[in-house]
Amino acid sequence: HLVFMKSGGNSLRLVAKDLESNLQKAEKPFQKSPKQGKTLSSLLEREREAGIHNGSKLKEQSAAMGLLWIRRSLAFQLELYASLIDQDGPHPRDAAYEAYIKHLSPFHGWTLRKLFPASLSQIPDRQALIAQFGEVTLDELNEEYDSEVVSKLRSLVIALGPLLSTWERDFVRLDLEDIRRV
């Protein structure tokens, strides 16, 4: 998925870089002890029981913090990808901005609230973005490539929706939904 995000070009590079950083946080416990934390719930419960968090204020370099931001990033991406499925949908830049406002902006401080929209303003139109995701030039993009990329996006959207809902419920249930701004 990270490779897919990076294929979105410069406009999504910041989102991909943030996702990569948070993946590293989330992977640390698995690298240290692969048998522990095999599920999201068990990993979160283990961190909570270890007392590394201060209530819902998560430790910055914890797996829970990385996973929280991954979830928020994926929710943002879900909305962007869903907007690309319909050829008559909104401009991807507008869809990305709306998704940003809904899923990321409430947790971003002043600097990130300026930086992210500036990056997102560079998102090209639907055809160019589909071509980037399909790793073809705009000239090579045809109905077949478009359909193939849209099919992959549709599958991703269908899979992510329920996953993100479950993920959020686990964070709320364990009182790990950190709402501080960064």
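**Salt bridges**

Author: In this predicted model, R180 is partly exposed, with a relative accessibility of 38%.

Reader: Which residue does R180 meet in a salt bridge?

Author: The partner of R180 is D178, and the N to O distance in this salt bridge is 2.6 Å.

Reader: Is D178 buried or exposed?

Author: D178 counts as buried, because its relative accessibility is 3% and buried means under 20%.

Reader: How many salt bridges are there by this rule?

Author: The count is 9 salt bridges. One of them joins R71 and E177, whose closest N and O atoms lie 2.6 Å apart.

Reader: Where do R71 and E177 lie?

Author: R71 belongs to helix α4 (residues 63-85), while E177 is in the segment after α8 (143-173), so their pairing ties together parts 106 residues apart in sequence. Both R71 and E177 are buried.

Reader: Turning to helix α8, what can you say about D170 and R173?

Author: Their side chains form a salt bridge, D170 with R173, at 3.4 Å from N to O. Both residues lie in helix α8, 3 residues apart, which is about one turn of the helix.

Definitions and conventions. Residues are numbered from 1 along each chain as its sequence is written. This is a predicted model: local features need pLDDT of at least 70, side-chain atom pairs count only at pLDDT 80 or more; totals for chains, interfaces and linings use all residues. Side-chain values use heavy atoms; hydrogens and water are left out. A salt bridge is a side-chain nitrogen of Lys or Arg within 4 Å of a carboxyl oxygen of Asp or Glu. Helices (H or I, at least four residues) and strands (E, at least two) are DSSP runs, numbered from the N terminus. Buried means under 20% relative accessible area, exposed over 50%, partly exposed in between (1.4 Å probe, protein chains only).
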